[in-house]
Amino acid sequence: MYSKKVLDIFKQPKNVGLIKNASGTGQVGNMKCGDIMKIYLKIEDEKVIDAKFKTFGCVAAIVSTDIACDKIKGKTIEEALQISNEDILKEMGEVPTNKIHCSILAKEAIEEAVKDYRKKQEKLEKLENKNN
């Protein structure tokens, strides 16, 4: 059903955890299957320097989120947004068809975390402009 690589990542995901005072946080979920993914980003100079996750879900959900975090580390925000669910699936290898949606959720979690980061940046800019 799952490749050895997927099972190995599932057993020891590298990016599980949270980032305190994250630059951006994104959470998505799928009510049908019950998967909930939360990605935390640490961003400096518009570059993702760290990414962590907490996922409640199946093997594919956890592995998709771990791979997504790996893929965006060291990338600019714009490069991170270019990562597709196909890129995540390619890294995973063969997965059951009914689990492909997990890679889409991981991509959406990245997008939500970037939106959160941008909202925080806008608030900071407004505060700075107000104080000047």
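This is a predicted model: local features need pLDDT of at least 70, side-chain atom pairs count only at pLDDT 80 or more; totals for chains, interfaces and linings use all residues.
**Notebook: cysteines and helix α2**

I looked up C69, and C69 is buried, with a relative accessible area of 0%. (Buried means under 20% relative accessible area, exposed means over 50%, and partly exposed is in between, using a 1.4 Å probe and protein chains only.)

Residues are numbered from 1 along each chain as its sequence is written, and side-chain values use heavy atoms, leaving out hydrogens and water.

How many disulfides does the structure hold? I found 0 (a disulfide is a pair of cysteine sulfur atoms within 2.5 Å). For C69, the closest cysteine sulfur is in C102, 14 Å away, so that is too far for a bond. C58 also has its closest cysteine sulfur in C102, at 3.8 Å, which is still too far for a bond. C58 is buried too, at 18%.

Next, the helices (DSSP runs of H or I, at least four residues, numbered from the N terminus). Helix α1 (residues 4-11) and α2 have axes that come within 9 Å and cross at roughly 80 degrees. Axes are lines fitted to C-alpha atoms over the stretch in contact, with angles from 0 to 180 degrees between N-to-C directions. So α1 is roughly perpendicular to α2 (that label covers 65 to 115 degrees). I checked who makes the contact (heavy atoms within 4.5 Å): V6, I9 and F10 of α1 meet V59, I62, V63, D66 and I67 of α2.

Last, α2 (residues 59-72) packs against α4 (residues 85-92) at about 110 degrees, with axes 10 Å apart. That makes α2 roughly perpendicular to α4.

Key
Helices (H or I, at least four residues) and strands (E, at least two) are DSSP runs, numbered from the N terminus. Angles under 35 degrees count as roughly parallel, over 145 as roughly antiparallel, 65 to 115 as roughly perpendicular and the rest as oblique.
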